[in-house]
Amino acid sequence: MASVSLGIWSAVGSRCERAGETGISHFLEHMLFKGTPLRSAARISQEVEGLGGYINACTSEESTCYHARAHETEADLVCRLLLEKKKKKQKKKIKYIWKES
């Protein structure tokens, strides 16, 4: 069975935090994944997981990542869900990596 994975990385992680900001990168990870004007965060999760897919986010010392995986036939939907315009305009550097499984 072939799958597709999509990840969006922002080059901001906990290493970028100054004294007194501990945990802000992780907090922002959650704030940025609160949904879009068209879909709530719960609906996005239900749509991906309803297809048998997986969606999650993580923060490390170097970056913050939003990622999803689903059957290859659902690649278009996964891309639309992760790349849909967020509620507020955000400027960030995005790196796309496509990998076939």
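The legends below describe views of a predicted model of one protein chain.

**View 1. Overall fold of the protein chain.** The secondary structure consists of three helices and five strands. Their order along the sequence is β-α-α-β-β-α-β-β. Of the contacts in the protein chain with a separation of 6 or more, 70% join residues 24 or more positions apart.

**View 2. Surface and burial in the protein chain.** The chain has 101 residues, and buried residues make up 32% of them.

View 3. The patch is formed by I24, F27, L28 and M31. Together these residues have about 360 Å² of accessible area. F27 lies in helix α1, which spans residues 24-32. The relative accessible area of F27 is 46%.

**View 4. E49 in helix α2 and its distance to A70.** Helix α2 covers residues 41-50 and contains E49. E49 counts as partly exposed because its relative accessibility is 44%, between the 20% and 50% limits. In sequence, E49 and A70 are 21 residues apart. The C-alpha to C-alpha distance between E49 and A70 is 8.4 Å.

How values were computed: Residues are numbered from 1 along each chain as its sequence is written. This is a predicted model: local features need pLDDT of at least 70, side-chain atom pairs count only at pLDDT 80 or more; totals for chains, interfaces and linings use all residues. Side-chain values use heavy atoms; hydrogens and water are left out. Patches are made of residues with over 30% relative accessible area and no salt bridge: like charges are joined within 9 Å, nonpolar side chains (Val, Leu, Ile, Met, Phe, Trp, Tyr) within 5 Å. Accessible areas come from the Shrake-Rupley method with a 1.4 Å probe; for residues, only the protein chains shown count as cover. A salt bridge is a side-chain nitrogen of Lys or Arg within 4 Å of a carboxyl oxygen of Asp or Glu. Helices (H or I, at least four residues) and strands (E, at least two) are DSSP runs, numbered from the N terminus. Buried means under 20% relative accessible area, exposed over 50%, partly exposed in between (1.4 Å probe, protein chains only). Contact means heavy atoms within 4.5 Å.
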